[in-house]
Each structure stands twice: as structure tokens, then as C-alpha cells.
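Hi there,

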Amino acid sequence: MKKIKCNSYTVEAGNLELSSFPKLLEETYKDVRKVIVVDENTHDFCLEYLLTAFPTLEDAEVILLPTGEENKVMEVCFQVLEALSDYGIVRSDLIITLGGGVVSDMGGFIASIYKRGLPCIHIPTSLLGMVDASLGGKTGIDLGNFKNQIGTFHDPVAVFVDQRFLATLPEEEWRSGFAEVLKHALIDDKKEWDRLIASKQDELFSEENVTKLLERSIAIKAKVVNEDPTEKGIRKSLNFGHTIGHAIEGYYLDLNPISHGNCVALGIIAESYLSNQKGTLETEELNEIVQVMMALYPCPEDLLTGVGIMIELMKNDKKNDQHGVRTCFLDKIGQCSWNHLISENDIKAALNYLYQAYYKN
Ligand SMILES: NC(=O)c1ccc[n+]([C@@H]2O[C@H](COP(=O)([O-])OP(=O)(O)OC[C@H]3O[C@@H](n4cnc5c(N)ncnc54)[C@H](O)[C@@H]3O)[C@@H](O)[C@H]2O)c1
């Protein structure tokens, strides 16, 4: 069992039955009620295992969230809060999230506000959830097309990463999660980037490779979060690719939703271009990044029709201040800097570059 400290809690990566999860259930949380939050897919693919492997959970209340980013909204939270109240859940009871980033973001948010905060355990089931969303204590929901505009910092009691859940993850979701794995390497670890891009596609997600990839990616995120839990400095580097990525995600949310990781990958191309234009990232490294991302992630053909709305979405990004839109730049592969001010023209040029990279022929 690999144990990685993250803020006030530990992330355990390995077989859930051999982790400290059963002990938490049988000792610390023996006499409290448990609520398991799932979405439609993790209800069908992951819940049965949990209930069978841990019989103490057979009396748990199960809260079923509708699947998808478009449901990471306050209206759904209200329904869950009312259900918790109807079930008579009290502040000492335990919430367990079993799902991808939408389930841990929304389940964690609900855990943080219901009765001013309940303990919560995350069991991520998507690659993206395992390497990113379940770690670091950020919870959040969307407000209209604005991503994660409402949220809290609420550390879970523990996070348990068991890669066996990934057996049922659709291929597109593997790729989506892999974008955050690549981002972690880009901002912090050139060797890991080189290793990841050298792997043959069919070997990349072999069991052994996934174990390594999870451990390394979790370690990068945990290191950054430990250094700066409340995002005053270096933690902002985790947002690389997300200023433009979130705007793309928000724009398409009610048109034709694109996965979070795919949007981050497109944001990585656009923000790498800006890093190059502003003189931080070498052209050779920019080209390498663009090549890797383009081989894995599609770009919508009508991207440029959304430029105006994307700029408006970026103006509301959480990282901004009174001076305007702030973003991260790559200094080189493996090193990132943050708080860079970018203009509307910069954003337009970056989106145009992104589009041209895919469709110039
Ligand atoms: N809080 C943070 O620090 C943080 C960091 C990164 C991303 N996020 C958020 O995470 C979300 C994206 O996470 P995601 O990609 O996991 O999205 P998701 O939760 O929507 O999961 C993606 C899809 O995979 C399905 N799924 C999950 N596990 C499965 C399994 N084992 N088998 C079959 N299907 C499974 C889900 O039902 C869904 O359809 C976004 O809302 C993003 O904003 C949060």
C-alpha cells in the first residue's frame, strides 16, 4: 500500500480491502450512519463491490446523482441536502463519495456545508478523480457556464485510490484523466513527461504502468498542495491549462459537452503557445507539447465561433484580480510560473493558434 500525505490526511493507493478503510469503518466510524454518494455509472459499476466487500456498509444510505458535469449544480445539491435532512443525517455521520470528479466535487461540497460540515471519505473511480479531483480538499459546483464558481476547502478524512475501479472506465474517460497526468508532469517533472510520452499507447495503461503513473501523479499533486494548501502561490500552477480549458468547457457545457480533461488538453496547447509568445517556453518544447496533445485529444471544428463568450467566461475566472485575467505559463517542461496577466488579444491569438494547429490544412 502506497501512502502519500496530503494536507491533514493520507492518500492510500492500493487494494481497498488492505487499506485502512475497513478499520475506519469498524472503529472510528463504527456507530455512525454512512451515506454513499454515487452517480448513475458508479452506482452500476462500482457500488456492488463496495457493499459486498464491506458488509458494515449494507445499511448505508445511497444518494444517486445524475451523471455529468451539467449536473454539478446547486439545484442538485439542494435535492441532496433535503434527502440528508429527511434521512436524519447528523454532523457526526460519514459521507463516502464513490465516483469521478463530479461526485467528489459535489459530494465534498455537500459534506462541507450540511450542518456546517460532515466528515467525508473519497473513493475516486475515474483516472481524473484518482490523480486530481479527489486530492487537495477543493470542492465545487458550477454556476451557469462558469466552472467551479461556488465551493469550499474541505479536507476529506482520507482518500483511497484502488485502480481496480478503472476496469469499467470508458476509453474517453481514460484519456480525459490522462490530460491531468500530463499536466502534472509538465508543471513539475520533466523526467515523468519524457517517460509518459515515450510509452507506447498500448502499454501506457497496462496494470503495472497505471500503478506507477498513479503514484507519481498523486505525489506531484500532494507535494504542491502540501506546500501551499490555500493556493496563495505554487498551488496556482495546478491551474496550468485551466484558464482557457475551463472557458472551452463552460462554452460547450450546454451545446455539446466536452470532457474536462479534453478541455484542459486544449487549454494546455493554448497556454503553452502564450508561454512561448511571452518568451518563457522554447519553441521546440512548445511543438513537442502540441504534438503530444493533438495525437490524443480532438478539438471542436466550431471552436472560433465561441471566442467572444469564452473571453467573457475567462473574465470571471477565480484566479483573476482587479487587473484582469491571470494565468500560468510554462517556463520549460517541468517548471511553471503563475499570476501572469493576459489581454483579450492574447486570448484571441491563443485560441486562433489552437484552431490553426488542428485545421490549418
Ligand atoms: N476539486 C479539484 O481539485 C478538481 C480537480 C480536477 C478536476 N475537478 C473536477 O472533476 C470533474 C471531472 O472529473 P471526471 O473526469 O472524473 O468526471 P466525472 O465524475 O463526470 O466522470 C467521468 C465519467 O466517467 C464515469 N465513471 C467514473 N468512474 C467510472 C467507473 N469506474 N466505471 C465507469 N464509469 C465511470 C462517470 O459516471 C462519468 O460519466 C470536473 O467537474 C472538474 O471540474 C476537480
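Below is what I found, starting with how the values were made.

This is a predicted model, in which local features need pLDDT of at least 70 and side-chain atom pairs count only at pLDDT 80 or more, while totals for chains, interfaces and linings use all residues. Residues are numbered from 1 along each chain as its sequence is written, and side-chain values use heavy atoms, with hydrogens and water left out.

S5 is mostly covered, with six of its six residues buried (buried means under 20% relative accessible area, exposed over 50%, and partly exposed in between, using a 1.4 Å probe and protein chains only). In a regular strand the side chains alternate between the two faces of the sheet. Here, Leu94, Ile96 and Leu98 point one way, Ile95, Thr97 and Gly99 point the other way, and all are buried.

S5 has parallel partners: four bridges join it to strand S3, residues 34-39, and five join it to strand S6, residues 120-124 (two strands pair if DSSP finds at least two bridges between them). Lys34 stands opposite Leu94, and Gly99 stands opposite Pro124 in S6. From S5 the chain crosses through helix H5 (residues 101-113) to S6 in a right-handed β-α-β crossover (right-handed if, with the strands pointing away from the viewer, the path from the first strand over the helix to the second runs clockwise).

Next, the salt bridges. Side chains of opposite charge can pair when their charged atoms come close. The structure holds 23 salt bridges (a side-chain nitrogen of Lys or Arg within 4 Å of a carboxyl oxygen of Asp or Glu). One of them joins Lys221 to Asp132, with the closest N and O atoms 2.6 Å apart. Because Lys221 lies in helix H10 (residues 207-227) and Asp132 in helix H6 (residues 127-133), the pair ties together parts that are 89 residues apart in sequence. Lys221 and Asp132 are both buried.

Another salt bridge links Glu171 and Arg175, at 3.7 Å between the closest N and O atoms. These two are four residues apart in helix H7 (residues 171-188), so about one helical turn separates them. Glu171 is exposed at 58% relative accessible area, whereas Arg175 is partly exposed at 23%. There is also a network of salt bridges linking Glu69, Lys72, Asp105, Asp142, Lys147 and Glu249.

Which charged residue is buried yet has no salt bridge? That is Glu285, whose nearest side chain of opposite charge, Lys190, is 4.5 Å away (Lys and Arg count as positive, Asp and Glu as negative; His and the chain ends are not counted). Glu285 is found in helix H13, residues 283-296, and its side chain reaches the backbone nitrogen of Ile333 at 2.8 Å.

Finally, have a look at Leu330 in strand S10, residues 325-332. Leu330 counts as buried because its relative accessibility is 0%. Leu330 and Glu282 are 48 residues apart in sequence and 9.5 Å apart in space, C-alpha to C-alpha. Not counting residues up to four places away in sequence, Leu330 touches several others, among them Leu186, Phe240, Ser272 and Cys336 (contact means heavy atoms within 4.5 Å).

Definitions and conventions: A polar contact is a pair of N or O atoms within 3.5 Å; within protein, one must be able to donate a hydrogen and the other to accept it, and residues adjacent in sequence count only if both atoms are side-chain atoms.
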